[in-house]
Amino acid sequence: MKVSADLLAGQEPIFDALITARDRFGDKDILEDQDRNPLTYTGLIRAAFVLGRKIAAVTEPGERVGILLPASSGVVVTFYGLHAHGRVPVMLNFTSGERNLKAAIKAAGVKKVLSAKRFVQQAKLDDLMADLATVAEIVWLDDVRKTIGLQDKIYGLVAGMAPRRFRARTRLEDPGVILFTSGSFGAPKGVVLSQGNLTANCRQVAAHIDLDPAWVVFNPLPTFHCFGLTGGVLLPLLCGMKAFQYPSPLHAKQIVELLPQVRASIVFATDTFLNQWARVAGPDDFSTLEFIVAGAEKVKDETYHLFNTKFRGVKLLEGYGATEAAPVVAVNHPDHNRPGTVGQMLPGMEWRLDPVPGITEGGRLYLRGPNVMRGYLSADDPQVIEPLEGGWHDTGDIVDVDAEAYVSILGRVKRFAKIGGEMVSLTAVEGLASAVWPEARHAVVSIADARKGEKLVLVTDRNDAEVAQLAEWARNHGAPELAVPKKIMRVAEVPVLGTGKTDYVAIQQMAEMDKAA
């Protein structure tokens, strides 16, 4: 599919798009968090100008500035404040650990990191921040806000009335954000998304699903995750929907109580978190929702079953994305929902499937489109962006795309093992384990095996899991014997990343260490 001229007509940089949204939808309440102090469009624009000018005083035009904050009104104001004054936000994953954070700061050339003492104390990150202070200057936003005086407020008032005269001029091709891939299969990579990538992705989603400006989007996902930034912040703000920010998807009871209180219409989440919420929610806790969008990991059959039986009428839509694609690539539609797929390709996406030796179904997915990144940060020089060859991004995913552009995820290239000369999908093996023990969490990795090349290892939090049960299910349902793991590691908790994705790096290390023991 070629990029539609209509889709991109009138597209604007990030801050200009926010101003246009105010002109289009009126000066309504548009942003709120758990402190319950809503901001209008004008309130957000003024706050961004005031805070942004304070940050601009200690940074250079075009400088990359780190943001280490949870989902909140504060992180949104900070993000737009940097854009108002021509700085580039670098979203830092505070759950990724000291080593990865220092690597991210170095890779992006970050000199200053914006954070808040209140958040750091509540999240018990004091030691982490002390470590980060050895490689970058920590700027405490709590202290910055105390310096805001009458002159700053007057500036914000005037700038809010004529924002296009005060904001820094930027172009669609200028950097909009630097994010880091989750690192579930290796070291995180710096992804440079242009302003046009981000606003185009919002337009693509809005062209695919009719979004009502009266709706409320509830976002519990961190903005260091592209799903949380684009889906939970930019999409609602640019489409006239109120964006309610919540600091942690782990607070299941608080979230299910808040949803009806704030009259949430849409929730963005991952399967891991949805499953947790569904277990503590009452039948009416999701009653205000139009639909839920799940991404970042496969939605398990058990999660679909929970929502279809316990919460009748709530539509659970699975989607697919990549940080490199800003991130939404495909998503199911409320009126055309096909569970088992991740929905149809968004308008404007181009794709191709390259054959993979040993894999007969589907192919390796390559993407190109207005939402696909400029490139990765060079490992040798933070200022160098390594461009994509021909504009094509290699997702590393094995997928099948049908005639109606519905996408089925078959696995990742890295998530296949070669056993006795046959390619076996580790994702499919995880599905086998989930069929036998649906309430448990499972991960499958492969380790070297002298006899068959590779051997499957199932890591599970099911404490009575046995190979015999897997083998019996496989025999009864026609699954190949090669797909049955011959080794099971039982753990109290299967490692996950802060985004809820399975942490395959940690699991692979566990399996290798266990083999060596």
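Which residues form a nonpolar patch on the surface? Here they are, in a predicted model.

**View 1. A nonpolar patch on the surface.** The members are L150, I154, L157, V158, M161 and F166, and together they put about 570 Å² of accessible area on show.

**View 2. K112 and E137 in a salt bridge.** Here the two side chains meet at 3.6 Å, N to O. K112 belongs to strand β5 (residues 112-115) and E137 to strand β6 (residues 137-140), so the pair ties together parts 25 residues apart in sequence. K112 is buried, at 14% relative accessibility, while E137 is partly exposed at 44%.

**View 3. D271 meets K300.** This salt bridge comes in at 2.7 Å, N to O. It links distant parts of the chain: D271 is in helix α14 (residues 271-280), and K300 is in the loop between β12 (291-294) and α15 (301-310), 29 residues away. D271 is buried, with a relative accessible area of 0%; K300 is partly exposed at 21%.

**View 4. K315 and D335, another salt bridge.** The N to O distance is 3.9 Å. K315 lies in strand β13 (residues 315-321), whereas D335 is in the loop between β14 (328-331) and β15 (344-345), so to speak 20 residues apart. K315 is partly exposed at 34%, and D335 is exposed at 56%.

**View 5. A salt-bridge network.** Shared partners join E12, D16, D23, R164 and R167 into one network.

Note on methods. Residues are numbered from 1 along each chain as its sequence is written. This is a predicted model: local features need pLDDT of at least 70, side-chain atom pairs count only at pLDDT 80 or more; totals for chains, interfaces and linings use all residues. Side-chain values use heavy atoms; hydrogens and water are left out. Patches are made of residues with over 30% relative accessible area and no salt bridge: like charges are joined within 9 Å, nonpolar side chains (Val, Leu, Ile, Met, Phe, Trp, Tyr) within 5 Å. Accessible areas come from the Shrake-Rupley method with a 1.4 Å probe; for residues, only the protein chains shown count as cover. A salt bridge is a side-chain nitrogen of Lys or Arg within 4 Å of a carboxyl oxygen of Asp or Glu. Helices (H or I, at least four residues) and strands (E, at least two) are DSSP runs, numbered from the N terminus. Buried means under 20% relative accessible area, exposed over 50%, partly exposed in between (1.4 Å probe, protein chains only).
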